[in-house]
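Please read the following report alongside the sequence and the model.

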Amino acid sequence: MPDVYNWHLGRNMSYRFEAGKTQRQFAAVFNINRCIGCQTCTMACKSTWTYSPGQELMWWNNVETKPYGGYPDNWDVKLLEKLEEANRGGQVWNASAPSDRAPYGTFEGKTIFELADGSQEQVLGYLPEEREYKAPNAFEDHATKFAARGASLPEHEGWFFYLQRICNHCTYPGCLAACPRNAIYKRPEDGIVLVDQSRCRGYRKCVEACPYKKTMYRPTTRTTEKCIACYPRVEGSDPMTDGLPTETRCMSACVGKIRLQSLVRTEPDGTWTPDPTNPLYYLVHVERVALPLYPQFGTQPNIYYIPPRWVPRSYLHQMFGPGVDDAIARYTHPSRRLRALLQLFRASRKIAFSFDVIEGPKFNEITVDGEKIELFDDTVIGYDSKGQETVRVNVDEPIHERPGKLNSI
Ligand code: SF4
Ligand code: SF4
Ligand code: SF4
Ligand code: F3S
């Protein structure tokens, strides 16, 4: 198998195909700290793409409660156990020498591609049963005992968080590597991963292989479907978009303003072209405040997460790798530019290709963890694909007071 460079792992790895020649890559940052679990994103996707017969169990966007939730049931725990079984004690990181090309150090364990036998299977995975898709979110936040799902007090300790999940449009997709029909492809113009419905014969190797379980079988058509990254919106070809790249349905519907989407420029080896004016490049590479989900799986996923501050670090290390402590430290004490950029999340439907910050006057002083922090009323500006300004937001949000006399309600 060819060797490709995976910058999440900080090393080369074997993959079925050469690295693709993707010019840009669809990517997003989700700020877990802000999510309220309202599922508006989930319903925005469902009502757009998966409301037809045969799609009843399909949730291309789902939000699950960690540590107990999972759609399909316990998808991540099951795969982590399989990997550990195949490489006992070896799934470890060496984070002693991070660099620009290896920002989290080096993963010394084995990926889902490297632990496959290479003849019968291209990828180590598992095929969930239909019942495992049937009850997303059931009892996840429930405080009383339901033996069927196994969630009960006192197991729900003093922490939990919502994990928002869509297809990661991975740089090295497990689904694509596993399909014997070559029915899955990655678009060179934006890195979006799609299933060619005319080629798919329903072998479900892709369902087995996607470590995030984001390929889903449709019994009525006997083919597999998945998140299409709302590509007509990303292209600007949807009539609603005025011809300009527009955020996907799940992103633009987000009530908690936790999501920021962009397209990043990429190099032939799958790394990101340095560009600190791109908001995602800035968050992922300059500030390193947003991290990939389970980078050790090896697919180089393109949805990044600002980890939750209140969760035990060992849990987060397993989920997001060794960059967690730095990311939380930077999020808790943000630089002036980062604080301004955090205001750009969900500020415009138009995809921000670049951003700028104009410095403003000091308006407040607060104390965080005993440290005094000055707050400045800086302004962040988002620019679309043509370099035109689409939005500007201030750090100091204006307060609107109701008039003393109440209205008729
Ligand atoms: Fe394929 Fe899964 Fe990656 Fe999406 S998340 S590109 S379905 S491997
Ligand atoms: Fe659904 Fe579009 Fe979000 Fe994908 S990007 S989960 S297709 S709304
Ligand atoms: Fe979280 Fe936003 Fe989805 Fe609501 S819409 S569940 S805040 S990601
Ligand atoms: Fe291939 Fe998956 Fe279809 S393995 S044939 S894309 S079900």
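**A strand and its burial**

How many of the eight residues of strand 3 are buried? Eight of the eight are, so strand 3 is largely enclosed by the rest of the structure; here a residue is buried if 20 or more other C-beta atoms, placed from the backbone, lie within 10 Å of its own. Strands (E, at least two residues) and helices (H or I, at least four) are DSSP runs numbered from the N terminus.

This is a predicted model, in which local features need pLDDT of at least 70 and side-chain atom pairs count only at pLDDT 80 or more, while totals for chains, interfaces and linings use all residues. Residues are numbered from 1 along each chain as its sequence is written, and chains are lettered from A and ligands numbered from 1 in the order in which they are written.

In a regular strand the side chains alternate between the two faces of the sheet. In strand 3, Arg24, Phe26, Ala28 and Phe30 point one way, whereas Gln25, Ala27, Val29 and Asn31 point the other way.

**The sheet around it**

Four strands form an open sheet with mixed pairing, in the order 12-3-14-13, where two strands pair if DSSP finds at least two bridges between them. Strand 12 (259-265) and strand 13 are the edge strands, each pairing on one side only.

Strand 3 (residues 24-31) pairs with strand 14 in the parallel sense over four bridges, and Asn31 has Ile306 of strand 14 as its bridge partner. With strand 12, strand 3 pairs in the antiparallel sense over seven bridges, and Phe26 stands opposite Leu263 in strand 12.

**A helix with one buried face**

In helix 9 (residues 324-332), the residues Val324, Ala327, Ile328 and Tyr331 are buried. Seen down the axis of helix 9, its buried residues fall within an arc of 95°, so they line one face of the helix; the arc is that of the directions from the helix axis to the C-beta atoms.

What covers these buried residues includes strand 13 (291-292), strand 14 (303-306) and helix 8 (313-320), with contact meaning C-beta atoms, placed from the backbone, within 7 Å.

**Surroundings of two ligands**

Around ligand 3 there are 14 residues, of which Cys35, Cys38, Cys41, Cys254 and Gly256 come nearest; a residue is near a molecule if its C-beta atom, placed from the backbone, lies within 6 Å of it. Helix 1 (40-49) and strand 7 (161-165) each supply at least two residues of this shell.

Ligand 1 is surrounded by 14 residues, the closest being Cys167, Cys170, Pro173, Cys175 and Cys210.

Methods. Buried ≥ 20, exposed ≤ 12 C-beta atoms within 10 Å, placed from the backbone. Contact = placed C-beta atoms within 7 Å.
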